[in-house]
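Colleague: I have a few questions about this model. Let us go through them one at a time.

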Amino acid sequence: MIKDSNVLDVEKVRKDFPILDTLVFGHPLVYLDNAATTQKPEAVLNAMNEYYHTINSNVHRGVHHLSQLATDAYELARKKIAEYIGAKHAHEIIYTRGTTESINMVAAVFAKRYLKAGDSVLVSGMEHHSNIVPWQLACEERGATVKVIPIDGNGELVLDGLDKLLSEGVKLVSVNYVSNALGTINPVRDIIQAAHRHGIPVLLDAAQAVQHMEVDVQELDVDFLAFSSHKIYGPTGFGVLYGKEKWLNELPPYQGGGEMIKTVSFEKTTYNDLPYKFEAGTPDIAGAIGLGAALDYVQALGLPAIRQVEHELMVYGLEALQEIEGLRMIGNSANRAGVLSFLVGDIHPFDMGEILDKQGIAVRTGHHCAQPIMDLYCIPGTVRASLAFYNTPAEIDRLTAGIRKAMKLLG
Amino acid sequence: MTIKEKQDEIIGDFEFLGNWDDKYEYIIQLGKELAPMDPIYKIDENLIRGCQSRVWMHPEYKDGVITFTADSDAVITKGLVSLVISVLSGHTPKEIIDADLYFIDAIGLSSHLSPTRSNGLLSMVKQIKMYALAYQAKSLQS
């Protein structure tokens, strides 16, 4: 067994996450469902608690003291998020309810402005349903189509035909940075550069990327980027859409209501400046503050240290899993983050998940909202163990022992 | 035996099984031993879609009682399917409609009937009751 990484004191870090001490069916919890949602450190819980205890108020509206403090905290979070992903301006950060809403927002407003009959939107064969269905809805309405970058048996994108695909009426490319089902890190730089050569903007679904590695929107030169707070140690129900200023200025608003307007009369409404043009109604103030605290926490640990610790764990996990007879990995990309997806013999993933659960081991089973991938491999789903920096080699050992026990019971 | 007696017998059997692995071993065994379904009935029309595991079920109404055959692609689900069928098969539509399936909860597998689990078993129980209702309506007409 490898020793815990020396770049992060994992045992110490684990103490920041009270839930990790939970017992499940009498066993210490082994939480390996981090791609579904991560646990929250005390710092995040405290920041949200403190907001409600001390400065709860509506933002941007009140002349009163508390409203000012709430607004300051809320806007400070936007600055932290902008810095975290290397955005040029804080007003390029639009608050949403999560990655799904971020993508739906772009799909709706981009289609309204730019998509016409015969056009297409290009996604990849390994997208989450959240990055397929919004485009299908938008395209259906405009008489456009959704095209797909194919994937190979290793779970990697096949980019040979990309230039040809891009030259066939594509108006926008929307791909994930890291696959939630396979863990593949996609060569998004190449995709963005290729798309830009054709003058096509790119949206990155970074829901499975920002918690594992440094993502810099200016360096990537990406046009839109979406991620969810709850997958990066922040609260649920909150998320981010980054958009380049010029795009956000050009696109029409998404929803109408309070906050997003400058003046309203029955004849004409003028919209507010960025980012408020896209933020109708009273927002999730505590959510923003919670995500800000989560990003502070991640940065205090350091993304390079997180990446190293998770990489060591991934290598250890891959080796340990592959020692199990009859186990096959689904997705064999050399370049991967966070996710170990596998099947054992002809054991149904649901049966495996249930027996692991009884041993206190939390994994996800099923198609992971990425049915096209499962169809490609002709499987009903996979068992997915997904890692965070607070996981340990000892927990991987619990997983492999748990799998062996399940094999004995189910075999 | 009545539906209630059958359920009580299952609960009694499970009381002898000490820990969770024994219970699961038993359910898995039942799944493996479930009489195979005639392939002609293993078709999409008989498929009950859960989110994760699939269940096929076929009813036959004869001499006033309904007999069910079924299959599932997940063996734990199949074991539970086997238990449900053994409890409800061979009863009249009215007995099936009125049946309260308390044994799944009592043997500690209630999570299989949770709508969030969506593994096919809950949908299967609903489907069985639907068939019973349909056969009851049919028998009242004739």
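Colleague: Which residue follows α10(A), and what is its phi?
Modeller: This is a predicted model, so read the angle as a computed one. α10(A) is followed by A:G302. The phi of A:G302 is positive, near 95 degrees.

Colleague: How far does helix α10 of chain A reach from its first C-alpha to its last?
Modeller: Helix α10 of chain A covers residues 285-301, which is 17 residues. At 1.5 Å a residue, 24 Å is expected. The reach is close to that, at 25 Å.

Colleague: How many residues of α10(A) are buried?
Modeller: A residue counts as buried if 20 or more other C-beta atoms lie within 10 Å of its own. The buried residues of α10(A) include A:I285, A:L291 and A:Y297. The helix is mostly covered, and of its 17 residues the number buried is twelve.

Colleague: What covers those buried residues?
Modeller: The cover of the buried residues of α10(A) comes in part from other elements of chain A. Among them are α2 (42-55), α3 (65-84) and β4 (93-96).

Colleague: What is the radius of gyration of chain A?
Modeller: Chain A has 14 helices and 17 strands. Its C-alpha atoms fill a box of roughly 70 × 55 × 30 Å along the principal axes. A compact globule of 411 residues would have a radius of gyration near 22 Å, so chain A agrees with that rule at 22 Å.

Colleague: Of the contacts in chain A between residues at least 6 apart in sequence, what share joins residues at least 24 apart?
Modeller: Start with burial: 49% of the 411 residues in chain A are buried. Now take the contacts between residues at least 6 apart in sequence. The share that joins residues at least 24 apart is 72%.

Colleague: Which element gives the most to the side of chain A that touches chain B?
Modeller: Twelve residues of chain A are in contact with 14 residues of chain B. On the chain A side, α12 (349-358), β16 (364-366) and α14 (393-410) each supply at least two residues. That side divides into five nonpolar, four polar and three charged residues. The element that gives the most, with five residues, is α12(A).

Colleague: Which element of chain B has the lowest mean pLDDT?
Modeller: Overall, the model scores ipTM 0.86 and pTM 0.92. Chain B averages a pLDDT of 88, and 92% of its residues score at least 70. Among its elements, helix α4 (residues 93-98) has the highest mean, 96. The lowest, at 81, belongs to strand β1 (residues 47-49) of chain B.

Methods:
Residues are numbered from 1 along each chain as its sequence is written. Chains are lettered from A and ligands numbered from 1 in the order in which they are written. This is a predicted model: local features need pLDDT of at least 70, side-chain atom pairs count only at pLDDT 80 or more; totals for chains, interfaces and linings use all residues. pLDDT is the predictor's confidence in each residue, from 0 to 100. Helices (H or I, at least four residues) and strands (E, at least two) are DSSP runs, numbered from the N terminus. Two residues are in contact if their C-beta atoms, placed from the backbone, lie within 7 Å. Ala, Val, Leu, Ile, Met, Phe, Trp, Tyr, Cys and Pro count as nonpolar, Asp, Glu, Lys and Arg as charged, and the others, Gly among them, as polar. The radius of gyration is taken over C-alpha atoms; the globule rule is 2.2 Å times the number of residues to the power 0.38. The expected span of a helix is 1.5 Å times one less than its number of residues.
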